[in-house]
Amino acid sequence: MSLSRLSVELIPRSAEALAADVATVKAHFPAADTLNIPDLMRFPLRSWDAAALVRPQFGNVIPHIRAIDIAPDAPLPGADQPGLEEILVVHGDPPADLSHRTYPNSTESIIRRYRREAPHLKVYAAFDPYRRAPWKELEDVARKKEAGAIGFFTQPVFDLKLFDLCREWMQGECVFWGLSPVIGPKSRSYWETTNHIVFPRDFSPTLEANIQFAQTVLKELAQEKGKAYLMPVRIKLEQYLPALLDAVA
């Protein structure tokens, strides 16, 4: 068996860099059928514009939309974009640039706006087992579903025990399970400090160990026709993706 969907997350640093990354994914990881693109304030290219650029080369593209960036009277990003079918609404971190205006939107309020104003779009939301008590996160899951989310993208997982527990919590939901390599002490420190990740005691921040972990998770998901997305940050795509092909075959 194989996964029902497999996405690769690509950073929209520039139109040229994004086109090169798409070409690399197509050449080295043909198992991917989807791309998801975060919206990062440090780059000028917005996620929905990036999606429009790459969709001619890669049909399924899911841009991330930051809820706190959307003014109450502003049009919804991507709502009128021809061919766009799916988006991921995230709350969004406060911008480092204080001149960038944000709004007190909740993720749920923006999901509701998309359901009202762009009902043709499938809307996903985020699930993060690390940021708060599990019962609070699962309450958020319920609220996002009530608002109109059809599924979830998880924070990347790094622990098989937590992965199994989260699968129990999210049983019956449409979930893209996240995997991201953590290579070296600086990368590990970033995840621990910024995203409050608690790594298992035997976690090894090496490429080989991260590939082995991803292979294990992908093989388990393939057995149940699950979904996953790969977030190869701070590493060349061709160093990470091809090693996972056998796990998703």
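Glu-146 is exposed in this predicted model, with a relative accessible area of 56%. Its partner is Arg-112: the two form a salt bridge in which the closest N and O atoms are 2.7 Å apart. Arg-112 sits in helix α3 and Glu-146 in helix α4 (residues 134-147), so this pair ties together parts of the chain that are 34 residues apart in sequence. Arg-112 itself counts as partly exposed, at 34% relative accessibility. As a general point, side chains of opposite charge can pair when their charged atoms come close.

Let us stay with charged pairs for a moment. The count for the model comes to 15 salt bridges. One of them joins the side chains of Arg-132 and Asp-140, at 3.1 Å from N to O. Here Arg-132 is partly exposed, at 32% relative accessibility, whereas Asp-140 is buried, at 9%. Both belong to a network of salt bridges that links Glu-108, Arg-131, Arg-132, Glu-137, Asp-140 and Arg-143. In another pair, Arg-46 and Asp-39 meet through their side chains at 2.7 Å, N to O. Arg-46 is buried, with a relative accessible area of 18%, and Asp-39 also counts as buried, at 7%.

Now turn to the strands. Eight of them close into a barrel, in the order β1-β2-β3-β4-β5-β6-β7-β8, and the pairing is parallel. From one strand to the next, the twist averages 25 degrees.

Helix α3 (residues 107-117) lies across β3, β4 and β5 (122-127), and runs at about 155 degrees to β4. Helix α2 lies across β2 and β3, running at about 170 degrees to β3.

Which residues of helix α2 (residues 47-54) are buried? They are Ser-47, Trp-48, Ala-50, Ala-51 and Val-54. Because these residues cover an arc of only 155 degrees around the axis, they fall on the same side of α2. Their cover includes α1 (15-28), β2 (34-37) and β3 (61-66).

Gln-81 lies in the loop between β3 and β4 (86-90). Leaving aside residues up to four places away in sequence, Gln-81 touches Trp-48, Ala-51, Ala-52 and Arg-55. Gln-81 is buried, with a relative accessible area of 13%.

What about the nonpolar interior? In soluble globular proteins, nonpolar side chains tend to be buried together. In this model, the largest nonpolar core has 77 residues, of which Val-25, Phe-29, Tyr-114 and Leu-218 touch the most other members. Helix α7 (residues 207-223) supplies the largest share of this core, seven residues. Leu-218 touches Leu-3, Leu-6, Leu-179, Ala-228, Leu-230, Leu-244, Ala-247 and Val-248, not counting residues up to four places away in sequence.

Our last stop is Glu-192, placed in helix α6 (residues 185-195). Is Glu-192 buried, partly exposed or exposed? At 33% relative accessibility, it counts as partly exposed. Glu-192 touches Ile-197 and Phe-199, again not counting residues up to four places away in sequence. Between Glu-192 and Thr-154 there are 38 residues of separation in sequence and 16 Å in space, C-alpha to C-alpha.

Key:
Residues are numbered from 1 along each chain as its sequence is written. This is a predicted model: local features need pLDDT of at least 70, side-chain atom pairs count only at pLDDT 80 or more; totals for chains, interfaces and linings use all residues. Side-chain values use heavy atoms; hydrogens and water are left out. Buried means under 20% relative accessible area, exposed over 50%, partly exposed in between (1.4 Å probe, protein chains only). Helices (H or I, at least four residues) and strands (E, at least two) are DSSP runs, numbered from the N terminus. The arc is that of the directions from the helix axis to the C-beta atoms. Contact means heavy atoms within 4.5 Å. Two strands pair if DSSP finds at least two bridges between them. Axes are lines fitted to C-alpha atoms, for helices over the stretch in contact, and angles run from 0 to 180 degrees between N-to-C directions. A nonpolar core is a set of buried Ala, Val, Leu, Ile, Met, Phe, Trp, Tyr and Cys residues joined through side-chain atoms within 4.5 Å. A salt bridge is a side-chain nitrogen of Lys or Arg within 4 Å of a carboxyl oxygen of Asp or Glu.
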